[in-house]
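Please look over the structure below before reading the numbered notes.

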Amino acid sequence: MVVAENARPPIDGGTVLVTGASAGIGRELAVQLAPRARTLILLARRPGRLDELRTTLLARHPQLQVLTLPVDLSDESDVNRALAEAAGQAGAIDVLVNNAGVGYQALADQADWARVRNVLHTNVLAVAQLTTALVPAMVQRGRGGVLNMGSGAGLTVMPEAAAYSASKHFIDGFSEALRADMTGTGVVVTQICPGPVDSEFDQLAGSAGGMTGGPPQFLRISAAQCAREALAGFDRGVPLVYPGRAYRVMMRALPLLPRELSRRQAARSAARLRSTGKGAANAPDQPEGQAQA
Ligand SMILES: NC(=O)c1ccc[n+]([C@@H]2O[C@H](COP(=O)([O-])OP(=O)(O)OC[C@H]3O[C@@H](n4cnc5c(N)ncnc54)[C@H](OP(=O)(O)O)[C@@H]3O)[C@@H](O)[C@H]2O)c1
């Protein structure tokens with residue numbers, strides 16, 4: 001089936017699965033999708049956070065169906081279990097929002113393997129696994145959508161965050177190739193590459209000043225604005241969205257910067273971090289009280 005190129009993601013009246021819905025940008029995406037979708041499937045590890053969001057959404061939108069599925073996306077078999085439960089309880093999934101992600105800030109020689117592995121499993125493998133599982137049925141139905149959360153870190157050289165930066169370079173390459181593959185199928189693919197966004201992200205990534213705290217404050221936006229601009233771009237079928245006006249201007253100029261300059265700037269910054277001993281290899285990797293929440 002060949003579908004017109006101006007297809008929109010089937011959010012309205014559709015079944016939308018959002019990963020990382022317990023906090024930050026993912027929670028805001030769920031809040032903004034709720035008045036439009038028929039069914040939301042919300043994934044994250046913390047069941048308490050998901051249940052609280054479900055209660056809030058149902059109070060505002062009584063017609064909405066909300067399925068909460070606690071899952072550890074870094075565990076392949078747990079992802080398979082969640083996919084089976086989602087299919088059993090909600091049927092076909094129209095739109096996949098690959099939002100969940102973790103940062104990790106540490107100089108490469110000081111990095112802890114368990115945390116590097118967690119970044120790669122959560123930010124890379126889970127995205128590939130969910131997409132590979134859900135896209136074939138979208139293509140068969142001739143409609144669908146995949147919204148992938150990348151990062152500015154996936155488009156440049158980011159010191160002191162090799163695994164995280166590489167995981168977001170994967171999202172860039174994966175999203176662009178997936179979009180090309182979906183040509184004429186009715187499946188819309190959009191990548192969001194935010195700069196600094198207010199959320200729990202920096203604290204969990206283990207950066208005292210904020211992993212995304214390097215750029216100037218005027219580039220920082222709220223999670224609600226990030227979600228709003230992400231969905232607006234997705235609705236228009238835009239390939240790549242830079243949320244936030246000032247950040248968008250900066251990112252559009254980035255390709256004009258020779259890579260050698262980015263390299264040198266990253267090297268200076270890493271050398272400064274090493275000399276000041278501000279590495280963050282011992283920072284927390286999970287939210288406080290996660291097991292209970
Ligand atoms: N904040 C920024 O400045 C920024 C900038 C660029 C890109 N991004 C990207 O935006 C996305 C969302 O980040 P955010 O800022 O909203 O961060 P956040 O507030 O820390 O939220 C991250 C979400 O991912 C979920 N998550 C993390 N690990 C998981 C796992 N193993 N299994 C299931 N769920 C998991 C968390 O839920 P649980 O803890 O309950 O599992 C949470 O809902 C990420 O992909 C991030 O890389 C953020």
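1. The axes of helix α4 (residues 113-141) and α5 come within 9 Å and cross at roughly 10°. Axes here are lines fitted to C-alpha atoms, for helices over the stretch in contact, and angles run from 0 to 180 degrees between N-to-C directions. Angles under 35 degrees count as roughly parallel, over 145 as roughly antiparallel, 65 to 115 as roughly perpendicular and the rest as oblique. α4 is therefore roughly parallel to α5. Helices (H or I, at least four residues) and strands (E, at least two) are DSSP runs, numbered from the N terminus.

2. This is a predicted model: local features need pLDDT of at least 70, side-chain atom pairs count only at pLDDT 80 or more, and totals for chains, interfaces and linings use all residues. Residues are numbered from 1 along each chain as its sequence is written.

3. Which residues make the contact between α4 and α5? Among them are Val116, Leu120 and Val127 of α4, and Tyr164, Phe170 and Phe174 of α5. Two residues are in contact if their C-beta atoms, placed from the backbone, lie within 7 Å. By class, this contact has twelve nonpolar, three polar and no charged residues. Ala, Val, Leu, Ile, Met, Phe, Trp, Tyr, Cys and Pro count as nonpolar, Asp, Glu, Lys and Arg as charged, and the others, Gly among them, as polar.

4. Seven strands form an open sheet in the order β3-β2-β1-β4-β5-β6-β7, with parallel pairing. Its edge strands, β3 (65-70) and β7 (240-241), each pair on one side only. Strands pair if DSSP finds at least two bridges between them; β1 (residues 15-19) and β4 (residues 95-98) have three. Leu17 has Leu96 as its bridge partner in β4. Helix α5 (residues 162-181) packs on this sheet, touching β5 (144-149) and β6 (187-192).

5. The mean pLDDT (the predictor's confidence in each residue, from 0 to 100) of the protein chain is 92, and 90% of its residues reach 70 or more. Over residues 287-293, however, the pLDDT is below 50. Where pLDDT is low, the predicted coordinates should not be read in detail.
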